[in-house]
Amino acid sequence: MTTLTLHATGPLGPGEVWERYAVPARWPEWAPQITGVEVPVARLAAGVRGRVRAPLGVTLPFVVDTVDEAARRWSWTVSVGPVRLHLLHWVTEGPDGGSTTGLRISGPAPLVVGYAPPAQLAISRLVRPLR
């Protein structure tokens, strides 16, 4: 098992960044590796199960493990066949009224290392205005 932590800081306030996480329908706006999300709720909640759609028609099941709205922190587990990838996200105040977001990815080394570049791109977009 390998764990990697990524960070990104940008001008958007933590409230807006948190909303981009908390509403799964918004994930494709800032995460290019996600083309759609299938969930039975409009907002993240612990225990929710769904599927993320990726390019080339790939769909991956997931479960939301924890959500702490007050702390702007949540975690989920994504299944890639029999393998699990655990992701912990958080948002904090950043410099000059902006925000910093963090992502801790845990799982088999090849999956963690392979997912790190698109994940870094996504969280960097998360904290910036959309074009």
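I count a polar contact as a pair of N or O atoms within 3.5 Å; within protein, one must be able to donate a hydrogen and the other to accept it. I am working from a predicted model.

**Entry: Ser-106**

I looked up the side chain of Ser-106 and found that it makes a polar contact with the side chain of Thr-3, at 3.0 Å. I placed Ser-106 in strand β7, residues 99–107. Is Ser-106 buried or exposed? Ser-106 has a relative accessible area of 15%, and the cut-off for buried is under 20%, so I noted Ser-106 as buried. Setting aside neighbours within four places in sequence, I listed Met-1, Thr-2, Thr-3, Arg-84, Leu-85, His-86 and Val-112 as the residues in contact with Ser-106.

**Entry: the nonpolar core**

I then turned to the largest nonpolar core, which has 31 residues. Which of them touch the most other members? I found Tyr-21, Trp-27, Phe-62, Trp-74, Trp-76 and Ile-105. Among the elements that give two or more residues to this core are β1, β7 and α3. I noted α3 as giving the most, with five residues.

I looked at Trp-74 separately. Not counting residues up to four places away in sequence, Trp-74 touches residues including Trp-18, Tyr-21, Trp-27 and Leu-44.

**Entry: α1 against α3**

I checked helix α1 (residues 14–22) against helix α3 (residues 109–126): their axes come within 10 Å and cross at roughly 130°. That makes α1 oblique to α3. On the α1 side I found Val-17, Arg-20 and Tyr-21, which meet Ile-123, Arg-125 and Leu-126 in α3. By class, I recorded four nonpolar, no polar and two charged residues in this contact.

Conventions:
Residues are numbered from 1 along each chain as its sequence is written. This is a predicted model: local features need pLDDT of at least 70, side-chain atom pairs count only at pLDDT 80 or more; totals for chains, interfaces and linings use all residues. Side-chain values use heavy atoms; hydrogens and water are left out. Axes are lines fitted to C-alpha atoms, for helices over the stretch in contact, and angles run from 0 to 180 degrees between N-to-C directions. Helices (H or I, at least four residues) and strands (E, at least two) are DSSP runs, numbered from the N terminus. Angles under 35 degrees count as roughly parallel, over 145 as roughly antiparallel, 65 to 115 as roughly perpendicular and the rest as oblique. Contact means heavy atoms within 4.5 Å. Ala, Val, Leu, Ile, Met, Phe, Trp, Tyr, Cys and Pro count as nonpolar, Asp, Glu, Lys and Arg as charged, and the others, Gly among them, as polar. Buried means under 20% relative accessible area, exposed over 50%, partly exposed in between (1.4 Å probe, protein chains only). A nonpolar core is a set of buried Ala, Val, Leu, Ile, Met, Phe, Trp, Tyr and Cys residues joined through side-chain atoms within 4.5 Å.
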